[in-house]
Every structure is written in C-alpha cells, then in structure tokens.
Amino acid sequence: MVPTTDVNSVIPIDRKSMESIAVWFDQHKNRFYPLGLTYVKTERQMEELFYRSIMKVHKELHRLKGETDFESWVTSIFIHTCREFSTANSLLASEENNLHNDLFQVLDQLNLDEKEALVLTYVSGFPHEKAAHLLQISVEKLKTLLFSGIQSLRKELGYGSTFHGCKEYQKDYIDYLDRTMERSKKIEFEIHVYHCQNCQEDLGTFQDVRIYLTEQRKELPIPTGFMKNIKARLAEKEKKRRQKIKKRNKWVFIFAVVCTLIIGIGIFTGTFAKLYYTWTVEDQELLPYLQHDFGEMLNLEAESNGVKVKIKSAISDEFQTLIFYEIEDTEADNQYAILFGDGVFVENEMDLMNTDAYPIYYPPDLESAVNKEKKNVYHGKMGLLPIREDNGTIKLVITQLMKLSDTSSNPDEVYDGNNKIGEWEFEIPVKKLPANQYALDEEKDVEGIPVRFDKLIIAPTATILQYSINAMQSEKNLDRMTFDNLVVNDKRVNADLFGGAFTDAQENMDWITYQAHFEPIFGEKPKEVKIQLKEAFLTVEDPKIVELDPSQNYPQTFVYAGSTITIEKVEIGNPARVVISDHHIENRTYETLNLGINGDETIEMGMRDDGVIVDKNGNKYDPINDLVAYEEIEQPRYFSTKYDFSLRSDNAGEEVVPKRIEIYGYNMTKYLNNVVKISLD
C-alpha cells in the first residue's frame, strides 16, 4: 500500500507567523526531506532549501484560498523552489555526498522527471492524483514515469535488464501494485498473472523495487539539529530585516518676528499652505506631497488590542496608491508596521482597483528622524494598487501588525516575529491624480544597439522613463537594460531596483517598449534630463554545430567565441549523457551559452549547469557554498563552467545516441558608464 498524506494535517493559516510555518515544516520534515534529496546532496544545501521554502510560503501565504489543501500548496511551492534553484545553479549537487544514502545514489542514475515521480509517490507518499497535480502532469504521464523509473531501477539494483512480461499487461503494473485498479479488471489481471510465468517474474521484480522505495523512507537519517539550525536562521532574519533608507534631516525653522512677515507674504503669494504643513506635519516623506497639493490630511483612527492605527493621508495616481500611516502602542514601547498581504487586505479591491498594476514595496525605515523620537510610535507608508476611476473609497482591513526591532545591524531584516493581532478597519477616500508627460525623442546606441528614449512621465508617486529597444538586429540583441539614476534640472532621483516593466511592441515590431521607475520629483517642469545607464544584457547569435561520435575517445575540445571548450563525456543509453565544460573564465567573451543536444526526434532533454559568480574586481564566489547575497556583490556576472545534458527516449528499451551539439549563441552582461543628456527646451 502506498503511504498517503494525512489530510488532517492542514493547519489554520490565518495570520500565521514565520515561526509557526517553521514549526509546521518541522512536523512534516520526514515528507519533505526525501523530496529535497531529489535535488541536493549536502546538509548545507538542504538547510538552504528548507529555509528559502519557508520564506516563500510565508511571503505567499496571503494568496492561499481557504478551501485549498495547505500541504499540497506548500509542497507545490517546495518543488517549484527546488527547480528554480537548480536552474539558477544555486543548489546544484556538489562533490560532497554526505547526505545521500544507497537509495538516492541509485535514484541519481535516473532523469529528474522519473526521480520526482518516484520520490513523490513512493518515498514522500502522495497518491497518484496529488503527485500528478504537484508535478503539473496528467495521472497517465505520472504512471508512465513510475513505470520507466522502476524499470531503470531494476537494472541498477541488480535485477538485470531482461524480462519478458506481456506488454499488454505491463501497463497495469502500477495500478495493481498501488491498489488503484478497478475490481473487475483486477480479477482479470490476477488470472492472467497466475497462468503466466513471465508476468509473475516481471511483476515480482516490480513489486520488490516498489517495496524497496517505500522501506527506504524509514532509513533516511535526518541530521540532528537540522530544523534547529533553520529556525535559528529564520529567527535571525526576523530580527535583522531592515532597509536603510537615506537619512532625512528634519526641517528646522526658527520662529521669530520674521514669521509674521513670512505668513503675510504667504497669504498673497499662495505659499501659506506650504508653510502651514511645514510647521504641522512631522513626517518629512509625507510633507512634500501635501505641500504640492497631492493629498490632504485624513487622520482616520482605529484602536484595537492596545494599539492605535492612524491613516494620515492617501495619494493615488495611475501607477499606485500610497498610504501614509502612524501606529502607536498605547501600552508598551513597541513599534509596529503594516505589511500588505500579511493580515492586511483591501476588501473591495476587485471592484475598485486596477489589478494589472504593480505597486512598489516600501521597507520600514527606523533610521528616519521622526521614527527615532518615540519608542512606541512608528510612521510609515504602504503601496497599494491604483484605483480605476477618478475617485473611490478604499475599504482597508488590518488584522495583524508586524512588530519592528531596532537592535539589528542587518539592513535587510527588521521584523522580529512577535506580531500584534487585532481588528483595524478604515474607509479611505482617494482621488486619482494626473501625471505629466514630456516627449524626449532621443535615440542613442547602447553597445551598438539603437535605443530610443521616448518620454518622461512625472507622476505624484513616481518618475517613469519610457524607452524602446530596436529588436531588428541580426547578430546582437539588447534583451534589457537597467539604470542607476535620473537627473532632472539638477535634481537627482535613484532608480527603483524592482520597478520597471515591458510595455508593448510597436505596430511594425521593430521596437519593443519598456518603462523604468525612479523616485518621485516634486514641482519640476523638466528642461534638461540626464540618464545614467547601468547594465546592458545582451544576446549574441553565433551558431555553431559540433558533431558527436560516441565511438571516439573523449575528452575532446573545440573552439567557440575565442574560447576552448571541452567535451568531457558522450555516453549512449537511455538516458544518454553529454558533458561539456569551460573553466577558463578570464577574458572570456561569453557568460552563458544558448545550446542544445540534437538526437532522435522523440528524445527529451534535461540540462543542469555549474558556474561561478565574478565581481568587478575579478573575485569569484561559489553559488553553492558561499551563499553570498547577489545584490551585495559589486557588478556581479555569472559564468557557466559546465553543462551536463541528459537525453531520454519515451521508448524505455531504446538507446539514445547523441549526434551533435547545437550552439545558437551566447549571453553577456555589460556594465555601462554612459550618461544620456536630453534637452527639453
């Protein structure tokens, strides 16, 4: 009998903390640990896999619908994380085999699809329907993978490779052994097997392999303190998550006799509102919005569980809705922030808001002067979707506040995990404000590719640069580019690292249009724009075919893009295998190759690659063992050093013969120091 998941293990997920998710993973580690072994081999990698999966579950928890099976949802995220990291070479297997027992040493001989199917079904114990759903394949495809996987394992386990079971009954082995066969069909099957010696032997070895898989689950040792280490990392992250935003000096004005004169002038010149807000508004981030009449003070209040939440103002344009708030703990010296999606949602979002937009995430800022004044008060802002109409009322519901900690030196982490539960509800009136657009009409070459700077959009909550890239280049294409900053009339605004999007393609398809987001600019009619370019991501088309002959001795070499590439292995089989490498990255033209292995038309190809990250100064970082945050490396570039291909035919008894390596081109990154100056006079 296939071990099945306990559907009663689903836990209530409303307002769950990072700690509770880690506890849930600890309770279910026996189910996830073997699944992780499908992708990784070292304890360090396994801890990283669990850590990142818990982080992702916590981040996506607000998207989970109440009727969804929690365990299936988490498992789907876990599998996606495994695949994502494998593709990015973050958790690929190293030479250190300290976690793999005999089972996974045998399973490593299979292709990834077969391993996933076998481990999910027989080691982790998911029923066919659920395993197929998690792998996003049909149940019949799953059974095909189980059948071919067991066939391959029989040979690896020493049962040999010659069996003569009747083909018309082999397709029923999986259903019969897993006890999912219909009763009438089961009787017919058993009668045939009873009278067929070949099928008895064939089915018997299948059953032995299946039992071996389920029994090996009990033999998988989980290292002592495995989850303890992960929980310690999560606790550290909860304490240290902080984003250091540039300190803002609080404006100081000297109230003297001249104030009377200033107020008098303001009455006649229209500047009194600016002065009024300067004197009455503490939040220096909100102040310029109010001074430029982009919003008004609302001061909507709600109190629950000893904490008072005040919505100070709301500013909306076509890109997002900014909510400025203040939270006061009336019972203790704690500071809390609002994190949309974690116990925070808009009740009428579908009716009111543009769900196609992407609001910006604003991390808590405990370094601002206003947030250092009182230990029990925090001033913050939150980005929501923009409203569709000109006016509307946002029904904001808050059931959880995130407790902040100022004891950490790590700018990436600021939440300490001790969240406040309560009920705070608001009806927030908003008005969608217009944006000003300015034509730029400037074309420049970036690494030989025409780039057209089309327009500058100055909106209340963001500054947007719209540009287009010529897509009709024959050999070298600019896939995308990034910017460092934008200077408008000598006012500099930094680029949003996560803002920017593909917009559309022009009618003639020669140009593809994008938008890059920057910090907002207040009260400026641009006369001159300076655009500081940062990165260009290029694809070069440079086709080459290298014929393969498995009868020859390997390794062999060939030259491509000025580099000598080694063909390490060419192996016939099902799966077949081809391994190529190039470890000499100094002055190498390409960073990664776009390539494939051509064989028979019916083959399926899998690939994984090893590589190294290199910074501006030539320092190298191992993506597996160093675990350095990518954003902390100065001008990072990822160089692939090894490609390992597996090729498999759908026909289990047919060998695959690799015929040739087909290289289509390569990718490269260029760090730019270009400044584009555009006059709007």
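Are Tyr560 and Tyr666 buried or exposed? Both are buried, and point 3 returns to them.

1. Basis of the note. This is a predicted model, in which local features need pLDDT of at least 70 and side-chain atom pairs count only at pLDDT 80 or more, while totals for chains, interfaces and linings use all residues. Residues are numbered from 1 along each chain as its sequence is written, and side-chain values use heavy atoms, with hydrogens and water left out.

2. Overall make-up. Of its 681 residues, 51% count as buried. Buried means under 20% relative accessible area, exposed means over 50%, and partly exposed is in between, with a 1.4 Å probe and protein chains only. Among contacts between residues at least 6 apart in sequence, 73% join residues at least 24 apart; a contact means heavy atoms within 4.5 Å.

3. Aromatic pairs. The whole structure holds 24 aromatic pairs. Rings of Phe, Tyr and Trp (its six-membered ring) pair if their centres lie within 6.5 Å; planes under 30 degrees apart count as stacked, over 60 as edge-to-face and the rest as tilted. Tyr467 and Phe483 make an edge-to-face pair, with 5.1 Å from centre to centre and 75° between the planes. This pair links distant parts of the chain, 16 residues apart: Tyr467 is in strand E11 (residues 463-470) and Phe483 in strand E12 (residues 476-488). Tyr467 counts as buried because its relative accessibility is 4%, and Phe483 counts as buried at 8%. The ring centres of Tyr560 and Tyr666 are 6.1 Å apart and their planes stand at 85°, so this pair is edge-to-face. Tyr560 lies in strand E17 (residues 556-560) and Tyr666 in strand E24 (residues 660-671), so the pair ties together parts that are 106 residues apart in sequence.

4. Trp24, Phe25, Phe32, Phe50, Phe70, Trp73 and Phe78 form one aromatic cluster. Val74 lies in helix H4 (residues 70-87) and touches Trp24, Phe25, Phe32 and Val57, leaving aside residues up to four places away in sequence. Val74 counts as buried because its relative accessibility is 0%.

5. Charges over rings. Arg480 lies over the face of Phe537, at 3.9 Å from the ring centre. The charged end of Arg588 sits over the ring of Tyr590, 3.9 Å from its centre. A charge sits over a ring if NZ of Lys or CZ of Arg is within 6 Å of the ring centre and within 35 degrees of the ring normal.

6. Sheets. An open sheet of four strands has the order E1-E2-E3-E6, with antiparallel pairing. Strand E1 (300-304) and strand E6 (377-384) stand at the edges with a single partner strand each, so one side of each is left without a neighbour in the sheet. Two strands pair if DSSP finds at least two bridges between them. E1 and strand E2 (residues 307-316) pair in the antiparallel sense over five bridges, and Glu303 stands opposite Lys308 in E2. Elsewhere, E11 and E15 pair in the antiparallel sense over eight bridges, with Gln515 in E15 as the bridge partner of Gln466. Strand E15 (residues 511-518) is mostly covered, with seven of its eight residues buried.

7. Cysteines. A search of the whole structure finds zero disulfides, a disulfide being a pair of cysteine sulfur atoms within 2.5 Å. Cys166 is in no disulfide, and its nearest cysteine sulfur, that of Cys199, is 3.6 Å away. Cys199 is in no disulfide either; its nearest cysteine sulfur is that of Cys196, 3.6 Å away. Cys199 counts as buried because its relative accessibility is 0%.

8. Backbone points to check. A cis peptide bond joins Tyr554 and Pro555, with omega about 20°; Pro555 is in the loop between strand E16 (528-547) and E17. Another cis peptide bond joins Asn574 and Pro575, with omega about 20°. Gln136 is not a glycine, yet has a positive phi of about 60°. Gln136 is in the loop between helix H7 (128-135) and helix H8 (139-156), and counts as exposed at 70% relative accessibility. Gln635, also not a glycine, has a positive phi of about 50°, and is partly exposed, with a relative accessible area of 31%.

Terms used
Helices (H or I, at least four residues) and strands (E, at least two) are DSSP runs, numbered from the N terminus.
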